[in-house]
Amino acid sequence: VNPDEVLTQIQRERLETARTSDRPVMIVPREDAEALCELNPDGTKTWRFHADNVRDFAWASSSDFAWDAMVVDLEGTDNRPMAMSYWPREGDPLWDLYSTHAVAHGLEQFSKHVFPYPWPVAISVNGPIGGGMEYPMITFNGPRPEKDGTYSKRTKYGLISVIIHEVGHNWFPMIVN
């Protein structure tokens with residue numbers, strides 16, 4: 001709830017652009033994330049969160065995360081949630097190509113076939129786990145490319161499918177308990 005306190009002016013402008021974009025917009029590109037890694041360790045920022053009607057809370061933080069986002073227009077509702085992804089350099093080049101699109105696709109399909117997504121954001125985070133784990137509005141997903149940046153079709157489709165699967169858990173069990 002406090003982007004003015006934690007994001008730079010250009011990052012806030014990119015976030016505003018993402019609020020109307022049907023394609024992912026880089027909020028924190030890899031170059032910015034790399035520069036953040038070199039900051040003075042005493043330079044802290046405090047993020048503030050607020051959520052209505054959630055049963056759990058999770059978040060992720062790393063000065064190495066790249067971050068992109070886009071808006072998702074859902075049929076049958078005025079709610080336009082943001083699909084977002086955060087990933088470290090080990091997720092390049094796979095995550096920047098597929099993660100946020102997979103989040104958006106999951107939101108669109110589950111909203112169409114179950115009921116409209118009620119929250120303002122759905123996030124996919126690349127973490128150190130092999131599969132995935134869900135919490136309200138945020139999922140942690142593991143597939144990454146090889147160290148040389150290559151990846152197989154299995155890894156690509158594994159990433160896409162685990163993200164869609166974990167986004168679906170926002171409905172069951174996070175909303176419908």
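Visitor: Where is Asn-126 found?

Guide: Asn-126 is found in strand β4, residues 121-126; a strand here is a DSSP run of E with at least two residues, numbered from the N terminus. This is a predicted model, in which local features need pLDDT of at least 70 and side-chain atom pairs count only at pLDDT 80 or more, while totals for chains, interfaces and linings use all residues. Residues are numbered from 1 along each chain as its sequence is written, and side-chain values use heavy atoms, leaving out hydrogens and water.

Visitor: Why is Asn-126 called buried?

Guide: Buried means under 20% relative accessible area, exposed means over 50%, and partly exposed is in between, using a 1.4 Å probe and protein chains only. Asn-126 has a relative accessible area of 2%, so the word buried applies.

Visitor: Which residues are in contact with Asn-126, leaving aside neighbours within four places in sequence?

Guide: Contact means heavy atoms within 4.5 Å. Among the residues in contact with Asn-126 are Phe-65, Tyr-86, Trp-87 and Arg-144.

Visitor: What makes the pair Arg-30 and Asp-92 a salt bridge?

Guide: A salt bridge is a side-chain nitrogen of Lys or Arg within 4 Å of a carboxyl oxygen of Asp or Glu. The closest N and O atoms of Arg-30 and Asp-92 are 2.8 Å apart, so the pair qualifies. Arg-30 lies in helix α3 (residues 30-37) and Asp-92 in the loop between β3 and α4, so the pair ties together parts that are 62 residues apart in sequence. A helix here is a DSSP run of H or I with at least four residues.

Visitor: Are Arg-30 and Asp-92 buried or partly exposed?

Guide: Arg-30 is buried at 12% relative accessible area, whereas Asp-92 is partly exposed at 25%. Both residues also belong to a network of salt bridges that links Arg-30, Asp-64, Arg-89 and Asp-92.

Visitor: How many salt bridges are there by this rule?

Guide: The count comes to seven. One of them joins Glu-16 and Arg-19, at 3.0 Å from N to O.
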